[in-house]
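Dear colleague,

I am passing on the structure below, together with some notes on what I found when going through it. Please read them with the sequence and the model open beside you.

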Number of protein chains: 2
Amino acid sequence: MMQHNLSVAKTIKALLDEKKYQSTKDILLTMNPADIAAIFEELAEERIPLLFRLLPKEAAAETFAELDPRLQELMIRGLSDTELREIVNELYVDDAADLVEEMPANVVKRILAQADPQMRKEINEILRYPENSAGSIMTTEYVSLRPGMTVAEAIARIRKTGVDKETIYTCYVTESRKLLGTVSVKDLLLAEDDATPVSQIMDEYVISVNTLTDQEEVAQMLAKYNFLALPVVDTDGHMVGIVTFDDAMDVLVEETTEDIEKMAGIMPTEKPYLRSSAWDLFKHRIPWLMLLMVSATFTGMIITSFESALAAQVVLTAFIPMLMDTGGNSGSQSSVTIIRALSLGELEFADLPRVIWKEIQTAFLCGLALAALCFAKIMLFDRLLLGNTDITALTAFVVCFTMAVTVLIAKMVGCTLPICAKKLGLDPAVMASPFITTIVDALSLLVYFAFARALLFG
Amino acid sequence: MMQHNLSVAKTIKALLDEKKYQSTKDILLTMNPADIAAIFEELAEERIPLLFRLLPKEAAAETFAELDPRLQELMIRGLSDTELREIVNELYVDDAADLVEEMPANVVKRILAQADPQMRKEINEILRYPENSAGSIMTTEYVSLRPGMTVAEAIARIRKTGVDKETIYTCYVTESRKLLGTVSVKDLLLAEDDATPVSQIMDEYVISVNTLTDQEEVAQMLAKYNFLALPVVDTDGHMVGIVTFDDAMDVLVEETTEDIEKMAGIMPTEKPYLRSSAWDLFKHRIPWLMLLMVSATFTGMIITSFESALAAQVVLTAFIPMLMDTGGNSGSQSSVTIIRALSLGELEFADLPRVIWKEIQTAFLCGLALAALCFAKIMLFDRLLLGNTDITALTAFVVCFTMAVTVLIAKMVGCTLPICAKKLGLDPAVMASPFITTIVDALSLLVYFAFARALLFG
């Protein structure tokens, strides 16, 4: 797809060079707003306003909503007040609210000045809700019906008011703003009798979310129930808006990226990689690197305190990286599995005993298999093949036993920390590989040296 | 939500104990099939067929589609042929195809025997396509219209044929099976004149996918364009089915889980965590653990070859964990960022030079900051505070310089490997932390010892 857009971008550049505006417009008309936006991002900035003016009003607004905030700001600065007014009032109100949230104060002022009073009121309504809440991602434009309407009246109402609703396919039956039920256009169209009242065919067991429900939960509910939209009600049970499936999909992708970044010890960012400067990347990566580096002081101290033992048996040092890496890998397998299950809602705190028991069994199996393989490797490869006679069967045993214990510790720490973090209201994703590796490193070295001391220097 | 279902499950258990079937039925009727399925999974297995028979036909089929394959199999074995026939023919054809794919051969035989001839034909059609392709997740039930139909005729056709289509909201205009355009129910309802031919209001610039397009790409296109469904065409340009947004959402979640698992060195599985046995978990985790453990042999060999140097300066050993962990963390930050950007389609092979340049700059900044902090930490904490006089400024310099070089190497390896893997048709997600840690460990030790030899033992 990207390749395709790039070559269209080239064609458009060439056409603009030759001032062939009509052909350019014809090409744009064949395209989806998301693709037009992608082309805008490829073009030199001074060309964008010109290209934008070639688009019909609706396509212009849709393309605008797809642009990255940097380009949106640039465009707004290049538009006249009249042009801005047209675009702003053509936007869906949730997109307009997103825009207002992203822009600097002086641009926001211009946007709100050009918005119709109704639009302005609704934007402000959405902006009242905390970030990442259902209220902040909902749209206030939906089709509402009265329970007493007939199917024919309902269809007539949709035809009359549907044009600027984000979705018309699920309609909400309300009375004095209370949500009574939902009815789909499918139900209305397939109803056998046009005179049936809406209240008779509506589904009165409505699944709704509160304005303050977390956006990730909303997205997961939409995914679970396969709904086109979920109604949002305030604490008084009054319907205030809907969250549509397309916004839910964006939320799912965004939140997952955030989780993945946190699991790798990166502070989350919304900027796409290629648009982040090295300085941006640095700022998001250095805090965890520093923290983890400093916390490795403990492992250093442990090694230092066993310095004399190590000096006597330097061969023990050679196995430190293998023990640490295997511990880190085992721990991150568990923690990542648990973090994902938590974020998909498959696990909760009450499951902790079952999880621990499962991980103990798994750790036992993994530890046994790894220890056996490791023993064979050390005796056959390191001792026989490489002829390292410093390595005795006892040394190999110490290493392999440490390995098994390390795997057990790593899996325990890896499964327990994320669940406890969640319970404490912290983000489980932060309890992933880097963090756990640091803890497991220290613990596995302690086991290693304690055991070596007992068996080898006893 | 889960908590809520659990308490409903309790109520239903109590009602069943008292044989209050009507009340049980009344409760079930208020619930969404996804929630009913969740309750089934909480109940004792022998109760499920009874509960299932309380549901009306449509709800029964929808609930059945939401069940986990284990329960589906159990249910089918408990159903009579007549009951099975009703359920199977009520299913959407893509759900029926999924079912056939999951069940053992003897159950499949029963299912296909009970399916209507048309259903059987369509199931077989879908099963022809390779796993994870658009063809394998599509449904063949969609509304098709003729270009010459008027708006009124189109609406009449939807009303007549729409009842068992998965979505009626996007209709496909075809002629001799060629896809000419799409028209939404919104366009039809909002059309000003009922006599307008469909060909005049349809969107003829249709975005479609091929039967063999990868399901992840299909899902990302649906997310990008905010479509309810994407048409699937075969290599002759004939329309064969549609992929709907709800299946796309499931694909997005599944594929991301798979990526996350691979990044943590786990072989992907579709089984939810709590339903996986310790043996399952073991089988999916041990291959990478073994591979990575064995590959740590190199780091061991490097240390062994510097054994004499280490024996003379045991203090150097104390910094090995810190250097290795920082290298691993730096590398995994880069690799995970790049893997995610690749899977979101934000990056491709042609961007490699830009990526490398960005990572070099970032590595430079991170390396400098870490080296400075590390130097201060070693001199103030390890040497002054802990009074470890073995540590000289020169030792600290060797450690910090190695640290900076390690960060650079780690970020280079971390960004290059996933992009090259993708180019070679391999899965970039496998090139994540565990794999990169192993490479970076070996390289950083080589740098460390080479540098120590030059400066400390020169």
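**A covered strand in chain B**

In this model, which is predicted, strand β5 (residues 229-233) of chain B is mostly covered, since five of its five residues are buried. Ala229(B), Pro231(B) and Val233(B) point one way from β5(B), while Leu230(B) and Val232(B) point the other way, and all are buried.

The strand has partners that you can follow from Val233(B). Strand β4 (residues 209-210) of chain B pairs with β5(B) in the parallel sense over two bridges, and there Asn210(B) stands opposite Val233(B). Strand β6 (residues 239-244) of chain B, by contrast, runs antiparallel to β5(B) and is joined to it by five bridges; in β6(B), Met239(B) is the bridge partner of Val233(B). The hairpin of β5(B) and β6(B) has five residues between the strands, and in it Gly237(B) takes a positive phi near 80 degrees.

**How the two chains meet**

Turning to the contact between the chains, 96 residues come from chain A and 97 residues from chain B. On the side of chain A that touches chain B, helix α20 (residues 320-343) of chain A gives the most, with 14 residues. That side of chain A, sorted by class, has 56 nonpolar, 25 polar and 15 charged residues.

One helix pair across the contact can be described in detail. Helix α21 (residues 352-385) of chain A and helix α17 (residues 278-295) of chain B pack at an angle of about 30 degrees, with their axes 9 Å apart, and α21(A) passes α17(B) in a right-handed crossing. Among the residues that meet here are Leu365(A), Cys366(A), Ala369(A) and Leu373(A) in α21(A), and Phe282(B), Ile286(B), Leu289(B) and Met293(B) in α17(B). The residues of this contact of α21(A) with α17(B) divide into 14 nonpolar, two polar and three charged.

**How the copies are related**

Chain A can be laid on chain B with an RMSD of 0.1 Å by a turn of 180 degrees and a shift of 0.0 Å along the axis, which is the relation of a two-fold axis.

With best wishes

How values were computed: Residues numbered from 1 in each chain as written. Chains lettered and ligands numbered in written order. Predicted model: local features only at pLDDT ≥ 70, side-chain atom pairs only at ≥ 80, totals over all residues. Contact = placed C-beta atoms within 7 Å. Helix = DSSP H or I, 4+ residues; strand = E, 2+ residues; numbered from the N terminus. Nonpolar A, V, L, I, M, F, W, Y, C, P; charged D, E, K, R; others polar. Axes fitted to C-alpha atoms, helices over the stretch in contact; angles between N-to-C directions. Left-handed = near helix turned anticlockwise from the far one by under 90°. Least-squares fit on C-alpha atoms with pLDDT ≥ 70 in both. Buried ≥ 20, exposed ≤ 12 C-beta atoms within 10 Å, placed from the backbone. Pairing = 2+ DSSP bridges.
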